[in-house]
Amino acid sequence: MNADLSAVRAEPGVAKPDPLLVLDGVTRSFGGLTAVRVDHLEVQRGTITALIGPNGAGKSTLFNVVSGFDRADSGSWTFDGRPVQGRRAHQVARLGMVRTFQLTRTLARLTVLENVLLAAGGQRGERLLPALLPPLWRPQERARTRRADELLERFRLTRLRDELAGTLSGGQRKLLEMARALMADPVLLLLDEPMAGVNPALTQSLLGHVTRLRDEGMTVCFVEHDMDVVMGISDWVAVMADGRLVAEGPPATIGRNPAVVDAYLGRRHDEPPDPREGPSPGSPDDVPPGPPEGDRP
Ligand code: ADP
Ligand code: MG
């Protein structure tokens, strides 16, 4: 299934046998700062690819750009062979590339179910809501509700179905965000720090979900700081620093790469939080009841 990466050389920009996403010369600057400058990157279909690198490396910006939430200054990229640069997020999502955010974007004043239902409505937001309420339900909407309920079941959120999303713990919001993303039936799922602020038990469950999605044929690319997680579930690891792709390869190879270890991996536990990001991994109000994060190896 992880259609064979074993013959692929571990070097930045290397070609893959069956790439789903291909980036060329993608740059994005903010004032004088070039946040992203990726010459070439291919994401292999049917794999879990981890995107790692220190805070500020440009990982979230790269996700924003390719998923249509931000504009590139230059470059081109194709998704499943189709050029997608210049398309907006909802158009990209319709093609099958869906992302989640480092800070979850659940709507606190809607219920858990409504959050999932609205995700399928793309960017139309709350205006869709009246149409979802009985007795105006049409068969199509009943089918969507069924799908939403399946996803809530999958992520064990069924008992919270009618609670306001604002009452969920940080970890539960991460699960809800995954459910929302899956409502769009993605081919490629981009997860920005899906485990950040999630307690160890829920992390295990999230990892199980991600692996299962891959095993069902989905392609997953995720940003993660915890190297145990990265080594545990990735088929391939791409490393960014200063906006560039500086290394890529199988997890074992990346884990042995001294430059990567010294420069990037060693910093993972003591990086200062990025103030733009709000709560960072392990921030107390984002951790649902359970063993403290500090217990992790
Ligand atoms: P990462 O996700 O790898 O931590 P980001 O993509 O969030 O990194 O940020 C890369 C760089 O771009 C950082 O220096 C960050 O401060 C800067 N940056 C990101 N978004 C913006 C923005 N909207 N305006 C200005 N600078 C930004
Ligand atoms: Mg980020």
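Mentor: We shall discuss the ligand surroundings and then a lysine.
Mentor: This is a predicted model, in which local features need pLDDT of at least 70, side-chain atom pairs count only at pLDDT 80 or more, and totals for chains, interfaces and linings use all residues. Residues are numbered from 1 along each chain as its sequence is written, chains are lettered from A and ligands numbered from 1 in the order in which they are written, and side-chain values use heavy atoms, with hydrogens and water left out.

Trainee: Which residues come nearest to ligand 1?
Mentor: Gly56, Gly58, Lys59, Ser60 and Thr61 do, out of 13 residues around ligand 1; such residues have a heavy atom within 4 Å of the ligand.

Trainee: Which element supplies the largest share of that shell?
Mentor: Helix 1 does, with three residues. Helix 1 spans 59–66, and strand 2 (33–44) also supplies at least two residues. Helices are DSSP runs of H or I with at least four residues, strands runs of E with at least two, numbered from the N terminus.

Trainee: How far is Thr61 from an oxygen atom of ligand 1?
Mentor: A polar side-chain atom of Thr61 lies 2.6 Å from such an oxygen. For Gly58, a polar backbone atom is 3.0 Å from a ligand oxygen.

Trainee: Changing topic, is Lys16 buried or exposed?
Mentor: Lys16 is buried, at 7% relative accessible area (buried means under 20%, exposed over 50%, partly exposed in between, with a 1.4 Å probe and protein chains only).

Trainee: Where is Lys16 found?
Mentor: Lys16 is in the segment before strand 1 (19–30). Beyond its neighbours within four places in sequence, its contacts (heavy atoms within 4.5 Å) include Trp236 and Glu248.

How values were computed:
Polar contact = N/O pair within 3.5 Å; in protein donor to acceptor, adjacent residues only side chain to side chain.
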